[in-house]
Amino acid sequence: MKRRGITWFIKEGVLSNNPVLVQLLGLCSVLAVSTSLTNAVGMGVSATVVLICSNLLISLLRKFIPEQVRIAAYIVVISGFVTAVQLLIKAYLPAIDKSLGIFIPLIVVNCIVLARAEAFASKNGPLASALDGLFMGLGYTAALMAVALIRELFGSGSLFGISVFGEGYPGILMLTMPAGAFLCLASVVAAVRHFTSKRRGDK
Amino acid sequence: MTVAELLLMCFSAILAENFIFVKFMGVCPFLGVSGRIDTALSMGAAVTFVMTVASAASWAVYSFVLVPYGLEYLETIAFIIIIASLVQLIEMFMKKAFPPLYKALGIYLPLITTNCAVLGVALLNVQNGYNLIESVMYGFFAALGFTFALFVFAGVRQRLDLATPPKAFEGVPLSLVAAGLIAMAFTGFQGISLGGSGFFPFTLS
């Protein structure tokens, strides 16, 4: 196993290999829960917790899981952690549970979690896998918050539910609608591509 | 639920509550395979089949196994296992019984396990308290809506290949913009929805 510093994980997960903005995984949940920053943080933290736990356990079990049934085994591990997270949120943060609704259980089929299990945790040690899960999760959260920031600030003129532009702000209704989610995500992905290609071009 | 309500539910599952453009479920395969009309239709057919059968199977397991033993909290795990094994079974069955169909759908079948629309439909059926017939109808028509979206988008995408967008928008961002424009058209159907059943903070009725 290659030895990697913690900066490698930060750079890989949050920037150069961001699961949403670069790998384009898990777009369903990004589109759906980016209506407000509160939702984005709630979803981001839930997914991060699931990613860390599932990566850790899958990495520990990687020598015992037979090659042929590995995907099924990963899904069972992931859905176990998702259920635990779902029950915790239901018990302690009922408001978040209500606004995220079905998207918490749908973390099971979020491509990011399965992709990290297959691409990283099944080949690396437990500590590296947990770190990978943490920073991939943070990268996901950052992308989710970027989209949610634009949608909440301009769509309804507030941040974390607190009004920013005052009562008179009419709000851009379209940004809070499904169409706005697609257009906003498209712009964010395009902006990231534009700036990264520029930086590479300068070198 | 009366027959009229059932029909309205089926109709809104295709248009007003379209899985891709309104509920955002199954966007990954949508962006992945909708490049050509024929592959989009094959994928749609496979998803429709799995979603209909999965609705019935998950309803049966939920009401005959999970509820009697008070295990409702295990629904996510139970449903994903049902879906994964169902997809595996269908794959094996089709390989033996209908080789040409298997060849046509083959590569799309394993992908369906991780399509969030399938798990989503199973969870929504439980959440909305649908009975067997309602679950199966909802699964089938939501899948038709998914297929419809794939089909419409594949047509748009074939045109997009000829477009020359700014470099940063090439590929997926451009597809997302096109999807956004189609989603805008789909909001027009909101007025005929049952109302209050979506999870968006607005009603246009």
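Tutor: Two residues are in contact if their C-beta atoms, placed from the backbone, lie within 7 Å. The model discussed here is predicted.

Student: Among the contacts in chain B with a separation of 6 or more, what percentage is accounted for by residues 24 or more positions apart?

Tutor: The contacts considered are those of chain B whose partners have a separation of 6 or more. Within that set, the share that comes from residues 24 or more positions apart is 77%.

Student: How many helices and how many strands does chain B have?

Tutor: Along the sequence, chain B reads α-α-α-α-α-α-α-α-α. The count for chain B is therefore 9 helices and 0 strands.

Student: Why is chain B described as being as compact as a globular protein of its length?

Tutor: For 205 residues the globule rule gives 17 Å. The radius of gyration of chain B is close to that value, so the chain is as compact as a globular protein of that length. The C-alpha atoms fill a box of roughly 60 × 50 × 30 Å along the principal axes, and buried residues make up 43% of the chain. The radius of gyration on which the description rests is 18 Å.

Student: Which helix gives the most residues to the side of chain B that touches chain A?

Tutor: In this interface, 36 residues of chain B are in contact with 34 residues of chain A. The elements of chain B that give two or more residues to this side are H2 (27-33), H4 (75-97), H7 (116-127) and H9 (172-187). The side divides into 28 nonpolar residues, 8 polar and no charged. With 9 residues, the helix that gives the most is H9(B).

Student: Over which residues of chain B is the pLDDT below 50?

Tutor: The mean pLDDT of chain B is 82, and 90% of its residues reach 70 or more. Where pLDDT is low, the predicted coordinates should not be read in detail. One stretch of chain B has 21 contacts in the model beyond near neighbours in sequence, yet its pLDDT is below 50: residues 193-205.

Student: How many of the 31 residues of H7(A) are buried?

Tutor: Helix H7 of chain A covers residues 126-156 and reaches 43 Å from its first C-alpha to its last, close to the 45 Å expected. Just after H7(A), Gly157(A) takes a positive phi of about 65 degrees. The helix is mostly covered, and the number of its residues that are buried is 22.

How values were computed:
Residues numbered from 1 in each chain as written. Chains lettered and ligands numbered in written order. Predicted model: local features only at pLDDT ≥ 70, side-chain atom pairs only at ≥ 80, totals over all residues. Helix = DSSP H or I, 4+ residues; strand = E, 2+ residues; numbered from the N terminus. Nonpolar A, V, L, I, M, F, W, Y, C, P; charged D, E, K, R; others polar. pLDDT = per-residue confidence, 0-100. Rg over C-alpha atoms; globule rule 2.2 N^0.38 Å. Buried ≥ 20, exposed ≤ 12 C-beta atoms within 10 Å, placed from the backbone. Expected span 1.5 Å × (residues − 1).
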